[in-house]
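Let's take a friendly walk through a protein model with two chains that meet. Please have a look at the sequence and structure first.

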Amino acid sequence: MARGRPRFIIGFLAAPVALYLVFVIGPYGQAFYIAMTNWRGLSASPTWVGFDNFTRLLDDQVFWTAVGHHLILLLALPLITLTLALFFAFLLNVGGGGRTGGIRGSTFYKVVLFLPQVLAVAVVGVLFQAVYRPDGSGVLNGLLSVVGVDPVGWLTEPDLALWAIVAVMVWQAVGFYVVLFSAGMAAIPKELHESAELDGCGRVRMFFLITLPLLWDTVQVAWVYLGIAAFDGFAIVAVLSVDRGGPDGATTVLPLEIWRTAFSFSKFGYASAMGVALFFLTITFAALALRVTRRERVEF
Amino acid sequence: MSGINRPNPLLTNDLSRRGLLRGFGAAALLAVPGTALLSGCATSGGGATPSTASAGVAGPGNPFGVAAEAPLEVVIFKGGLGDEYATAVHEPLYQARYPKAKIKHVATQQIAQTLQPRFAGGDVPDVIANSGTDLMDNAALQAEGQLLDLSALFDAPAIDNPTTKVRDSLVPGTVESGLISGKPFVLNYVYTAYGLWYDSALFAKYGWTAPKTFDEFKAVCDKIKAAGLVAFAYPGKNAPYYQYWMILISAAKAGGNQVLVDIDNLADGAWTKPAVKQAAAAWAEIGAKYMDKSYEGLTHTEVQTQQNQGKIAFFPSGSWLENEQKEQTPASFAYAVTPTPSLPGDKMPFAAIRAAAGEGYIVTAKGRNTAGGLEYLRLMLSREGARGFTQKSGSVTVVRGAADGLPLSPGNKSVAAAQTAAANDIVTYNSFEGWYKELETELRTQTNALMFGRISADEFCSKMQAKADSTKADSSIPKQSRTS
């Protein structure tokens, strides 16, 4: 019965595995190699410098500033996004109380919330350029001027700029997680919510005692996704921030520094070393997050 | 657009000499009509024909030995100058000489992203207009042996007057501005003047005059502010370099051009000299008093449009500005340039201006048709090529007298007047912008911090000195130097 079966499976797997090796693992391997050289991106034969680039990273102020920003993003982005997404998803699915749960017009809200997700990141960037424009003709500042507040430099105040960037990332991500959590909530048997309601459980308690625990697996996956997204931010920062990463480096992120180091400073070796560092940061985070949030699965 | 100034020391407007040369050119043409194409001139060919490239026979009229049927690839940065000057002027000129050659034209705004992989892979174009925000690092290219030494070009017979060399038909300082490690690798083609740009019609209407000193500058700015305009602004979001040029020009006027030479050479204490501090402090005061904080978050397009709308009086930039804004400028608007105002005790007079050859063109050393590349540049430097460039792009080239008789725009007229007034008092270019991008990036950041009031002039100088010192100490960065 099993004759030919392995060959059949291998036949199907070979192509995707080969593609994966060539286009994903291959470039990773190359980056590790280039990180050990002083390649300037132009010659065909880079010189081997061992771990020089990595020791250099240790004293690189800009690198650590960027890492610091990733730590902020790593805390803020999942926390804010997940809170908002859970809140909206709960309202849309359970919050209405009673039989089917969702508040009125929930389908409409779902569409509205999901909309930012279908926009390309560059489009979002350009959109928020208009929103954050620092003079009176910006969308936000225009609204503020109606109530008599002076224009705010959303992206030009060093203390505010990173948070303005975080807000854009949250705005863009939240819709996807609303839909993800909605699907998760739909999988929770209705009886559980109904019986809780019969027992006189309020919505807040119901959320924390029933919905959230039963949704934990999904939340955990979402946390890892958002954490990985927190190590990116390149496009939004490149389009929105003052002089790419400013003011005074207040919004810079590693992918942007990698890009600048490679294409502007012509230091591809050093840029690759930053890339390798970023790779390990991301992997470490994912491993930690999955381990820490591991819990026993609830069967229903 | 253009961020690149590489440029020129002694630019003179020596009319008699120019007239004389033109006379020679005419005489030569009369004597041997049309023979430059065939076999007219007597000077020997340069014969710089690398073995990798397809070669023709060098000879009179074909100094580099261009193979008639060899294809030529030209990559043009399509920014404020457009690319019509290449497709409608220079490429047809080349085609006319070598009808069998197939010319491939590539226009891009992202030179580095387009060409980086090709350099790494060895498949390079022949001629590159290496300009724009994303230009490639010429020094790095040269260090990797990717650039062709242009000595042969500058020593070749000029198209219009084959008895003279190409270098003699150019504005003085052009060749020097493209030196890397002592040899010319870059042809800086466009003649550019830097200063404060304003609308002379608007100024006439209000009775304002361009200031000669910083005190006058502040006085006129107060009047402008009272009239409800923003007196001065630069685009902090994407072009802080417009502003650091002004600071560096003021520093050069205060302490002489040696200040800029020392900065380029990463000399100890170059940034903490009194001249630099004085210039930084003077400009920081202008920023604090007359510029709104919102300009740090606006792009050059947004700020330049505001100036066209009559909302901003002074804008720091270079002479490409007028052409870049052509579409948005109302008919009543007349661009004019004025040199940066003087500080007390300046070593250079008020009329001193930064005028320089900019917009670098390079020929690749490992291209397939290096001789064709040199020939293409030689045609660009012909009178016909240069005039056509001025007509299509609105900018004047480094070819002396090529634009004579062409109707000039108000901005170009103003540049010509400023040149005449400056005579030999020319503020030099800065090479560190191309040599040390790390230092340049830091200068952008610190310029914004200074101009928008986050740091003092002293902090500005010490931070820049610290970055210059670390650049100097970084063994992974190839070092350059210049003497004048």
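Below we look at the interface, then at some salt bridges, and then at one residue.

## Before we start

This is a predicted model, in which local features need pLDDT of at least 70 and side-chain atom pairs count only at pLDDT 80 or more, while totals for chains, interfaces and linings use all residues. Residues are numbered from 1 along each chain as its sequence is written, chains are lettered from A and ligands numbered from 1 in the order in which they are written, and side-chain values use heavy atoms, with hydrogens and water left out.

## Where the chains meet

Chain B brings 36 residues to the contact and chain A brings 30 (contact means heavy atoms within 4.5 Å). Together they bury about 2600 Å², 50% of it on carbon and sulfur atoms; buried area is the accessible area (1.4 Å probe) that two parts lose on being put together, summed over both. In chain B, the residues that lose the most area to chain A are B:Gln116, B:Glu144 and B:Lys237, together 22% of what that side buries.

## Salt bridges across the interface

Side chains of opposite charge can pair when their charged atoms come close. The rule for a salt bridge is a side-chain nitrogen of Lys or Arg within 4 Å of a carboxyl oxygen of Asp or Glu. How many salt bridges does it find across the interface of chain B and chain A? The count there is seven, and over all chains it is 28.

One salt bridge joins B:Asp474 and A:Lys267, at 3.4 Å from N to O. B:Asp474 sits in the segment after helix H19 (457-473) of chain B, and A:Lys267 in the loop between helix H12 (254-264) and helix H13 (268-292) of chain A. Helices here are DSSP runs (H or I, at least four residues), numbered from the N terminus. Both B:Asp474 and A:Lys267 are buried, where buried means under 20% relative accessible area, exposed over 50%, and partly exposed in between (1.4 Å probe, protein chains only).

## A salt bridge within chain B

B:Glu375 and B:Arg97 form a salt bridge of 2.8 Å, N to O. B:Glu375 lies in helix H14 and B:Arg97 in helix H2 of chain B, so the pair ties together parts that are 278 residues apart in sequence. B:Glu375 is buried at 0% relative accessibility, and B:Arg97 is buried at 16%.

## A buried threonine

A:Thr211 belongs to helix H9 (residues 203-214) of chain A. Its relative accessible area is 0%, so A:Thr211 counts as buried. Leaving aside neighbours within four places in sequence, A:Thr211 has contacts that include A:Phe90 and A:Met185.

Conventions. Helix = DSSP H or I, 4+ residues; strand = E, 2+ residues; numbered from the N terminus.
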